[in-house]
Amino acid sequence: MDDKAILRALFDAALAAAYPDGKFAGRLPEPPKGRTIVIGAGKGAARMAAAFEAEWPGACEGLVVTRYGHGMATRAIEVVEAAHPVPDEAGMAAAARILALAQSAGPDDLVVCLMSGGASALLTLPADGVTLADKQAVNKALLKSGAPIGAMNQVRKALSAIKGGRLAAAATPARLVTYLISDVPGDEPRSIGSGPTVPEASDAEAALAILKRYEIAVPAAIEAAIRANVIKDVPAPAPMHMLATPHMALEAAAAKAREFGLTPLILGDALEGEAREVATVLAGIGRSVAEHDEPAKRPCVLLSGGETTVTVRGKGRGGRNAEFLLAFALASQSVPGVSAIACDTDGIDGSEDNAGAIVDADLITQAKARGIDLVAHLANNDAYSAFSALDRLVVTGPTLTNVNDFRAILVR
């Protein structure tokens, strides 16, 4: 098996560990006297709903919202598709219905919440005084600002009628349990989907400080709405179960690497920063391995997860994984025996149709032979076009899960 095939096999192993299938067994609550209401959101919401139905012993009803193209067949739980990463009317309508379902639950009912990455944009219900257009404008500005996902989610909570524990408050006095697929550093539940079922006190000033820090101007009316959007009665914490995490995916890839006779080294599941800068650092580690067998002995594979960011300055195409790889390839071009894969585990790198791409030592030569200026492509944030022309894209289609980005660097 060549190195490209090995890298793809490592990614596939990581994906398999991120699926919710079979992971509800032994984690289900006792059935209620009344209704079982299933609600949820995220890129993995439909697959989570189907997996829950497969294990649940009784009847259930409910609604989950997922990204366009990320739905799948379910028996009783309705699946609605909406826009991501910029919210749309379909997402807002679904969020309103989900909130109404939670509010309809009584003391004899059970509310099951299924949350996965992408829920912040999909579960969109603006706070009083905020319109969908307002949220879309702020979201677009945040996506282009280079702000980390945690900061973006804090602003999203402040603009929402459903996030930041507000959905849990709406479900009171019903019994509530939440199942999660993490796509955030540290697997903090309040950060997954902006924590709609994680009780917390509101912090309007922190959200406004983030907007100021990233120079995102908002009208005075929006500022007032953020300050007024507080939870009066914070409910007690409810049970939460983590079905899949970035670290679980990396561990699965490490096990697969050992099958290929490679020494795996997990560098971490929470690497953040500008994609180009992270690429420069990891290229330096790859060079150290190639030249000194440190911090791992060859043949080895360096594994990492997390979510990089891209501050968009050009007009090209490409998500953060493609941008990472193009910068990595340019930084590693004088180091022999190095290849790499970087993919988003939801199957969509940014807004393109690829999960990511694969690079190796032949990339630079191949690009020169075809007259493709990789430096110019990187400067224009146009990694997708370069990798498409060089037939290096990894295309999976929607995977119906999301544990954030996966990176593997193979050093011979």
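Predicted model: local features only at pLDDT ≥ 70, side-chain atom pairs only at ≥ 80, totals over all residues.

Modeller: The protein carries 39 positive and 47 negative side chains, and the centres of the two sets are 1 Å apart.

Biologist: What makes a side chain positive or negative here?

Modeller: Lys and Arg count as positive, Asp and Glu as negative. By that rule the protein has 39 of the one kind and 47 of the other.

Biologist: How many helices and strands are there?

Modeller: The protein has 15 helices and 12 strands.

Biologist: Why is the protein called as compact as a globular protein of its length?

Modeller: The globule rule gives 22 Å for 412 residues, and the radius of gyration is 22 Å, so the description holds. Along the principal axes, the C-alpha atoms fill a box of roughly 65 × 50 × 35 Å.

Biologist: What share of the residues is buried?

Modeller: Buried means under 20% relative accessible area, and 57% of the 412 residues in the protein are buried.

Biologist: Which residues of helix α9 are buried?

Modeller: In α9, residues 220-228, they are I222, A225 and I226.

Biologist: What do the buried residues of α9 pack against, and which exposed residues are on the face turned away?

Modeller: The buried residues pack against α5, α6 and α8. The face turned away from the buried side carries the exposed residues A220, A221 and A228.

Terms used. Residues numbered from 1 in each chain as written. Heavy atoms only, no water. Helix = DSSP H or I, 4+ residues; strand = E, 2+ residues; numbered from the N terminus. Rg over C-alpha atoms; globule rule 2.2 N^0.38 Å. Buried < 20%, exposed > 50% of the residue type's maximum accessible area, 1.4 Å probe, protein only. Charge placed at Lys NZ, Arg CZ, Asp CG, Glu CD. Contact = heavy atoms within 4.5 Å.
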